[in-house]
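Subject: Handing over a structure

Dear colleague,

I am passing this structure on to you, and below it you will find my notes on what turned up in it. Please read them with the structure open beside you.

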Amino acid sequence: MDGPRSHTTEDQIRRWDRVFTALSAEPRRRIVEALIEVSAGESIRLPEAASNPNGSAEFEQLRLRLCHHHLPLLEEAGFVQWENDPLRAYRGRDFEEVSVVLESLYTNAEEIPDRLVTGYRTLERERESGSSECDLRR
C-alpha cells in the first residue's frame, strides 16, 4: 500500500514540471540556447536572441511577450535573471536544470524523429556534424 508522497518526491515532480514548462515555448528555448552559448555571467540581448530567424521580425510584440510572460516564468523558476533597460538576460541560479535537458537533446539529435528535427536549426546542425558532444558555439 502506498503512503503519502514525501515532500522530496513532490519537489522533484515540481522541478521537472518547471523544466518542461520552460522548454515548452520557442522563445524560452531560444533564450536558454543563447545562454548556453555565452559564458556564465555574460548576458544576451533581447528580443534578438529569442526571435526566430525564419519568422517575422516583430521585435516590439516579442519584447512585450518576453517582458510580461516568458521572462517572468523563467525567472520564477530560477533559470534566468533579466533586466528591462536594455532588455537582456543572464543565467539564473538553477540554469543548469534547464540547460542540461536541452543539451541532452542536441547530443542525441540522431535519435530524435525527423519531424521534430526539420526546421530546428540547432538539431539540424547537430545531425549534420554527427558529433557526440554538443557545441552550440559553431
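Read from one end of the sequence to the other, the protein follows the pattern α-α-β-α-β-β-α-α-α, where helices (H or I, at least four residues) and strands (E, at least two) are DSSP runs numbered from the N terminus. That secondary structure comes to six helices and three strands. Please keep in mind that this is a predicted model, in which local features need pLDDT of at least 70 and side-chain atom pairs count only at pLDDT 80 or more, whereas totals for chains, interfaces and linings use all residues. Residues are numbered from 1 along each chain as its sequence is written, and side-chain values use heavy atoms, with hydrogens and water left out.

Of the 138 residues of the protein, 34% count as buried; here buried means under 20% relative accessible area, exposed means over 50%, and partly exposed lies in between, with a 1.4 Å probe and protein chains only. Among the contacts with a separation of 6 or more, 47% are accounted for by residues 24 or more positions apart, a contact being heavy atoms within 4.5 Å.

The strands

The three strands form an open sheet in the order β1-β3-β2, with antiparallel pairing. The edge strands are β1 and β2, each of which pairs on one side only. Two strands are said to pair if DSSP finds at least two bridges between them. Strand β1 (residues 44–45) pairs with strand β3 (residues 87–91) over two bridges, and strand β2 (residues 80–84) pairs with β3 over five bridges. The peptide bond between Asp85 and Pro86 is cis, with omega about 0 degrees. A cis peptide bond also joins Leu46 and Pro47, with omega about 10 degrees, and Pro47 lies in the loop between β1 and α3. As background, most peptide bonds are trans.

Helix α2 (residues 26–37) has 12 residues and reaches 17 Å from its first C-alpha to its last, close to the 16 Å expected at 1.5 Å a residue; the expected span is 1.5 Å times one less than the number of residues. Its buried residues are Pro27, Arg28, Ile31, Val32, Glu33, Ala34, Leu35 and Ile36.

The largest pocket has a volume of about 350 Å³. On a 1 Å grid over the protein atoms alone, a pocket is an open set of points where a 1.4 Å probe fits, with protein on both sides within 12 Å along at least five of seven lines, and lining residues have an atom within 4 Å of a point. Grid points are joined across faces, edges and corners, and the volume is the space filled by probe spheres set on the points.

Sixteen residues line this pocket, of which Arg30, Glu33, Pro53, Arg121 and Thr122 lie nearest its centre. Helices α2 and α6 (121–129) each supply at least two residues of the lining, and the largest share, six residues, comes from α2. By class, the lining has four nonpolar, four polar and eight charged residues, where Ala, Val, Leu, Ile, Met, Phe, Trp, Tyr, Cys and Pro count as nonpolar, Asp, Glu, Lys and Arg as charged, and the others, Gly among them, as polar.

Ala22 is found in helix α1 (residues 7–22) and counts as buried because its relative accessible area is 0%. Leaving out residues up to four places away in sequence, Ala22 touches Arg28, Arg29, Leu73, Leu74, Phe79 and Val98. Of these, Leu74 is 52 residues from Ala22 in sequence, and the two are 6.3 Å apart in space, C-alpha to C-alpha.

His70 lies in helix α3 (residues 59–76) and is buried, with a relative accessible area of 7%. Its neighbours within four places in sequence aside, His70 is in contact with Ala25, Pro27, Arg28 and Arg65. Although 45 residues separate His70 and Ala25 in sequence, they are 8.4 Å apart in space, C-alpha to C-alpha.

Ser99, which belongs to helix α4 (residues 95–107), is likewise buried, at a relative accessible area of 6%. Not counting residues up to four places away in sequence, Ser99 touches Val32 and Ile36, both of which are listed among the buried residues of α2.

With best wishes
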